[in-house]
Amino acid sequence: MKLTFTPFELQLKHRFTIAKFSRTATPLMLVQLEHEGHIGYGEASMVPYMGESVETATDFLNKIDVNELKYRFNYAEIMAYLDSLAPDNPAIKAAIDIALHDLEGKLLNQPCWQLLGSNPELMPVTSYTIGIDTPEIFAQKVHDAAGYKAIKIKLGSDNDKKLIETVRSITQVPLYVDANQGWSNREQSLDLIYWLYEQGVQLIEQPMVKTDPDSNAWLTARSPIPIVGDEAVQRLADVERASGVYHGINIKLMKSAGMYEAKLMIDKARQLGLKILIGCMSETSCATLAAAALAPQCDWADLDGPLLTSNNPFNIPDMEDGKWVLIDMAGLGLVDMEHSFNNIVL
Ligand code: MG
């Protein structure tokens with residue numbers, strides 16, 4: 001097994017602003033694992049507020065003894081090994097996990113979605129996310145999103161209702177709302193939720209701060225719209241804690257340390273009766289296809305990474321009726337990636 005990696009700066013098409021942060025680019029670490037003539041590809045997306053960086057990722061990768069990544073992969077043992085190297089760093093662990101899955105699919109000549117037991121016919125639509133912006137630019141972005149089957153709006157500024165009204169003056173597609181912990185008053189939030197319900201909003205992510213489960217649970221008990229925990233839910237151990245606090249959870253590979261644990265989280269959430277949104281960070285087609293392989297097992301998908309970036313080094317997968325298309329190709333189904341990756345390395 002050979003491990004190689006390279007940093008890559010992923011550029012966003014538009015400055016992206018959410019309740020507490022704003023950025024125009026995201027540092028990535030692209031990873032390759034090579035075994036018996038096959039190459040598995042992985043990716044870490046390290047948005048600044050999650051605490052990882054090119055430096056922490058490099059340090060982590062340099063600690064890995066590739067002899068611990070023996071084929072056939074025992075993901076439970078491998079994840080325990082990666083967790084033993086450092087307690088956090090879920091994004092760079094996800095990069096290794098995604099590369100292992102891609103490699104395993106190629107070695108077995110099976111698509112990842114098949115290895116994970118997904119039915120492509122159950123793929124949910126992917127929402128297209130629009131960040132906080134001036135009214136003019138915001139309206140332009142809504143027009144740009146006309147072809148998508150669901151739109152996700154980042155709320156948490158002073159003019160939340162105005163943003164929704166702007167969307168509704170342009171399109172009637174289902175709306176998802178993400179407050180990114182930006183709401184603070186229970187009663188005001190509930191009033192807004194009832195108003196959002198009338199506007200056709202179908203889910204709300206992380207209304208209150210993650211450190212206040214009581215307020216989030218108070219809203220969940222009263223909301224006519226499903227409330228989904230995102231910042232509050234990172235890895236498997238958090239799923240149980242989300243039960244009773246949220247209607248559902250937002251699983252992202254960059255939080256869950258990859259596909260193996262994301263699948264465990266899906267199964268755990270189903271046992272607990274929680275709904276599931278599968279989301280993403282700013283990502284290339286690599287991590288997006290990894291999440292898409294699990295998306296048919298989820299209720300909603302917010303896998304718009306490649307749609308919001310301008311220098312994705314990989315081919316963008318096909319989308320039909322607002323849904324990513326899972327193809328019958330070994331591994332993740334990345335096309336022409338070898339060529340792109342080697343160009344970056346050079
Ligand atoms: Mg969110």
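This is a predicted model: local features need pLDDT of at least 70, side-chain atom pairs count only at pLDDT 80 or more; totals for chains, interfaces and linings use all residues.
Residues are numbered from 1 along each chain as its sequence is written, and side-chain values rest on heavy atoms, with hydrogens and water left out.

The domain assignment divides the protein into domain 1 (2–109) and domain 2 (114–332), the bounds being taken from an automatic or database domain assignment. Taken over C-alpha atoms, the centres of domain 1 and domain 2 are separated by 22 Å. To the contact between them, domain 1 gives 43 residues and domain 2 gives 42 residues, where contact means heavy atoms within 4.5 Å.

The largest nonpolar core holds 106 residues, and those with the most contacts inside it are Ile64, Ile98, Trp183, Leu196 and Met259. Such a core is a set of buried Ala, Val, Leu, Ile, Met, Phe, Trp, Tyr and Cys residues joined through side-chain atoms within 4.5 Å, and buried means under 20% relative accessible area, as against over 50% for exposed and in between for partly exposed, with a 1.4 Å probe and protein chains only. Helix H3 (residues 90–108) supplies the largest share of this core, nine residues; helices (H or I, at least four residues) and strands (E, at least two) are DSSP runs numbered from the N terminus. Because domain 1 (2–109) and domain 2 (114–332) both give residues to this core, it lies between them. In soluble globular proteins, nonpolar side chains tend to be buried together. With neighbours within four places in sequence left aside, Met259 is in contact with Asp97, Ile98, His101, Cys112, Leu116, Leu253, Ala290, Ala293, Leu294 and Leu332. A second, separate core of six residues includes Tyr176, Leu203, Val228 and Leu277.

Several buried positions were examined individually. Ile204, in strand S7 (residues 201–205), has a relative accessible area of 0% and is therefore buried. Beyond its neighbours within four places in sequence, Ile204 is in contact with Val177, Trp183, Ile193, Leu196, Ile225, Pro226, Ile227 and Val228. Ile204 and Cys298, 94 residues apart in sequence, are 16 Å apart in space, C-alpha to C-alpha. Thr126 is placed in the loop between helix H4 (112–115) and strand S4 (128–130), and Thr126 likewise counts as buried, at 0% relative accessibility. Its contacts, again leaving aside neighbours within four places in sequence, are with Ala150, Ala301, Leu303, Asp304, Met319, Gly322 and Trp324. Cys286, in helix H12 (residues 285–292), also counts as buried at 0% relative accessibility, and its C-alpha atom is separated by 22 Å from that of Asp88, 198 residues apart along the chain. In helix H8 (residues 213–222), the buried residues are Ser215, Asn216, Trp218, Leu219 and Thr220, and what covers the buried residues of H8 includes H7 and strand S8 (227–229).

A pocket is defined, on a 1 Å grid over the protein atoms alone, as an open set of points where a 1.4 Å probe fits, with protein on both sides within 12 Å along at least five of seven lines, and lining residues have an atom within 4 Å of a point; grid points are joined across faces, edges and corners, and the volume is the space filled by probe spheres set on the points. The second largest pocket is lined by 14 residues, of which Ser157, Asp160, Trp183, Gln188 and Leu192 lie nearest its centre. Helix H6 (160–170) and helix H7 (186–198) each supply at least two residues of this lining, and H7 gives the largest share, four residues. By class, the lining has two nonpolar, eight polar and four charged residues, with Ala, Val, Leu, Ile, Met, Phe, Trp, Tyr, Cys and Pro counted as nonpolar, Asp, Glu, Lys and Arg as charged, and the others, Gly among them, as polar.

Most residues other than glycine have a negative phi, and most peptide bonds are trans. The peptide bond from Tyr71 to Arg72 is cis, with omega near -5 degrees, and Arg72 lies in the loop between helix H1 (54–63) and helix H2 (75–85). Asn89, in the loop between H2 and H3, has a positive phi near 50 degrees and is buried, with a relative accessible area of 15%. Asn180 has a positive phi of about 45 degrees; Asn180 is found in the loop between strand S6 (175–178) and H7 and is buried, with a relative accessible area of 6%.
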